[in-house]
2 protein chains.
Amino acid sequence: MDSKDLSISLEELQLAARNHGMPLEALRYSITPVGLHYLLIHYDIPLTEAESWSIELGGLVDRPATLSLEALKLRDSEELPVTMECAGNGRARLDPRPVSQPWLLEAVGTARWRGAPLGPLLEEAGVAGGAVEVLFTGADSGREGGIDQQYQRSLSIDDVLDSDALLAYEMNGAPLPPQHGFPVRLVVPGWYGMTSVKWLTRIDVLGEPFAGYQQLHSYRLRQQEDEEGDPLSRMLPRSLMVPPGRPEFLTRERIVDGPCALEGRAWSGHGEIVGVDVSDDGGQSWAPAELGDSPGRWAWVGWTYRWDAEPGSYELCCRARDSAGNEQPVEPLWNLGGYANNAVQRVPVTVV
Amino acid sequence: MDSKDLSISLEELQLAARNHGMPLEALRYSITPVGLHYLLIHYDIPLTEAESWSIELGGLVDRPATLSLEALKLRDSEELPVTMECAGNGRARLDPRPVSQPWLLEAVGTARWRGAPLGPLLEEAGVAGGAVEVLFTGADSGREGGIDQQYQRSLSIDDVLDSDALLAYEMNGAPLPPQHGFPVRLVVPGWYGMTSVKWLTRIDVLGEPFAGYQQLHSYRLRQQEDEEGDPLSRMLPRSLMVPPGRPEFLTRERIVDGPCALEGRAWSGHGEIVGVDVSDDGGQSWAPAELGDSPGRWAWVGWTYRWDAEPGSYELCCRARDSAGNEQPVEPLWNLGGYANNAVQRVPVTVV
């Protein structure tokens, strides 16, 4: 896409100024430092207090409960390195561009989340017969699509029990920062970030599928407004590289001094990453990268590629594929909401 | 400015996705949590290591020195709460809009910076006769204005000695995050952020004024390219409010339920804040806010205003003035680089 073709509106800029991506040189960290992890906040960061915080667990359960932060911390805990990506990552590269948070490629991060596993909590509460979904409610509230709402998302009972979902209260070994859901958030490994409700206040077991705005209207793949569409769920595979060399300030185009190691990370919510390929001709020809370590089964895997760069102009690309048979497309696939655009990254480079 | 009038380019969006502002509801914190403080990085976050880090102190000094992080930490330290703002804050509200990082209003934050005061270090090194400036060099490198460079800025000897400048190695009680200059950065209280060089590698005492790109070309107030222009230095006064009520997701317009307390913070690098006024009619009439506490002499001061809101549509504004006689203008003052636009904040609000 030419820069000429892009004209972001004030509304989109306001969102971009609030909700930041991860600068791609931060791909060098297997665990993203706080402040570099991407952030998407629908409304405002709510004012929350640890001491008075509680989560109501109710609906179709035999034993409803009120969980304080303290009570949650007394439970068995688990720490999981999880790669999380916004479902809208890549939106600003679609043409025509769906108007919302204008992500380019950077809406990702990997954190060590510690919290209480959700499954045992639900088992103790006793999920009653007829239960089909679990609804999670956050403390952030605002208006969207003409509807006043708190942020809410549901998961099917099966998806909850199949997952390693946590009620997380630590990020990278410290209490959650306000912007990441202090004091408690849901973290659902492998799923796009919209699932991992922040500032969690309620967990309700439902006998009917949740029909709220963020479930039935937002976060669905469709071509036209009147379609029901397919709900977004797990992250499609994506690989990203640390842009090599050094940048020009404004254009961010890269200047590279000669042969160098390209490095990056790749992830998928559908399975293991089984391959990453690199191209230096804009995706016409590909060569395999070497896969490296991962901080955990729900986190990205590192990759490297030795690039024997000769002087000239190049467009570097990388693409990942997973064990479920998904591979990144070379061209974006358009949809109305601008979701799940996992087309390959393109990095213009001049080798001097 | 109408949203119709704004059309941000891909280059600007790329910068906005990297360099984030402070979501304005974070004005509620007197010290900005890590990850919410604004960030402006000219090139890439460099890869830095604490163990091998050293700062060369040289040029016109009697006793040149190499300072390791460890040696720096053994020196007397000071912790200062400092409000820091990007010189380009407000740029995207200028018309025509200078093309660079498209800040709206959020390029600010207040942190507790701990480090070794710079003055005593220079005194020990012995500033030689003929010295006029001190040059600070960061480890971040790239191309800007056609020039390959490391980020460098200078201060006059007098400005250094008059200031409470620190070589900071802690932010809010923890080691600097990579994106804020790990392991050591300069912090110059009261000045726009371009002065506080991150990832500091060299301090050179100069016999001539520094004539580098970031001093003579960037960060100057001018109307045309061929002007010499006035260098930017201390922050002009600005006040910002926590947008009241709740937002609409896309437009960020606020819905307010009735009378409420407006609150915000104000700062100036030229003197104490002596007054903040609030308007609910777009700046036609003003009423004084009540000033509150400040975490320190170099940090913002809180303010509150009881707004007896009746149902209807409003444009809320706030403006600050300082003890040096500076007051925020109601309309922006244009300049080529888009710097120091401290025109009053405007917050469209619907009271229901």
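1. Two strands are taken as paired if DSSP finds at least two bridges between them, and the helices (H or I, at least four residues) and strands (E, at least two) are themselves DSSP runs numbered from the N terminus. The model is predicted: local features need pLDDT of at least 70, side-chain atom pairs count only at pLDDT 80 or more, and totals for chains, interfaces and linings use all residues. Residues are numbered from 1 along each chain as its sequence is written, while chains are lettered from A and ligands numbered from 1 in the order in which they are written.

2. Overall build of chain A. The chain has 5 helices and 22 strands. Its radius of gyration is 21 Å, close to the 20 Å of the globule rule for 352 residues, so chain A is as compact as a globular protein of that length. That radius is taken over C-alpha atoms, and the rule is 2.2 Å times the number of residues to the power 0.38. Along the principal axes, the C-alpha atoms fill a box of roughly 70 × 40 × 35 Å.

3. Burial and contacts in chain A. Of the 352 residues, 52% count as buried. A residue is buried if 20 or more other C-beta atoms lie within 10 Å of its own, exposed if 12 or fewer, and partly exposed in between, with C-beta atoms placed from the backbone. Among contacts between residues at least 6 apart in sequence, 71% join residues at least 24 apart; two residues are in contact if their C-beta atoms, placed from the backbone, lie within 7 Å.

4. Relation of the two chains. Chain A superposes on chain B by a rotation of 180° with 0.0 Å of shift along the axis, at an RMSD of 0.0 Å. The two copies are thus related as by a two-fold rotation axis. The superposition is by least squares on the C-alpha atoms of residues with pLDDT of at least 70 in both copies. Which residue of chain A comes closest to the rotation axis? It is Gly35(A), with its C-alpha at 1.8 Å.

5. The interface. Contacts link 48 residues of chain A with 48 residues of chain B. On the chain A side, the elements that give two or more residues are helix 1 (10-18), strand 5 (133-144) and strand 14 (246-247). Helix 1 of chain A makes the largest share, 7 residues. By type, the chain A side divides into 24 nonpolar, 13 polar and 11 charged residues. In this count Ala, Val, Leu, Ile, Met, Phe, Trp, Tyr, Cys and Pro are nonpolar, Asp, Glu, Lys and Arg are charged, and the others, Gly among them, are polar. The same surface serves both copies, as 100% of the contact residues of chain A recur in chain B.

6. Helix 1 of chain A. This helix is mostly covered, with 9 of its 9 residues buried. Among them are the charged residues Glu11(A), Glu12(A) and Arg18(A). The cover over its buried residues includes helix 1 (10-18) of chain B.

7. Helix 3 of chain A. In this helix (residues 118-125), Leu118(A), Leu122(A) and Ala125(A) are buried. They cover an arc of only 60° around the axis, which puts them on the same side of helix 3; the arc is that of the directions from the helix axis to the C-beta atoms. The face turned away from the buried side carries exposed Pro120(A) and Glu123(A). Among the elements that cover the buried residues are strand 4 (108-117) and helix 4 (157-162) of chain A. After the helix comes Gly126(A), whose phi is positive, near 75°.

8. Strand 22 of chain A. Strand 21 (residues 312-322) runs antiparallel to strand 22 and is joined to it by 7 bridges; here Ser313(A) stands opposite Thr350(A).

9. Val349(B). This residue lies in strand 22 (residues 345-351) of chain B. Val349(B) is buried, with 21 other C-beta atoms within 10 Å. Beyond its neighbours within four places in sequence, its contacts include Pro244(B), Val256(B) and Leu316(B). Trp334(B) is 15 residues from Val349(B) in sequence and 27 Å away in space, C-alpha to C-alpha.

10. A sheet in chain B. Four strands form an open sheet in the order 13-16-20-19, with antiparallel pairing. Strand 13 (238-241) and strand 19 (290-291) are the edge strands, each pairing on one side only. Strand 13 and strand 16 (residues 260-267) of chain B pair over 4 bridges, and Ser239(B) stands opposite Ala266(B) in strand 16.
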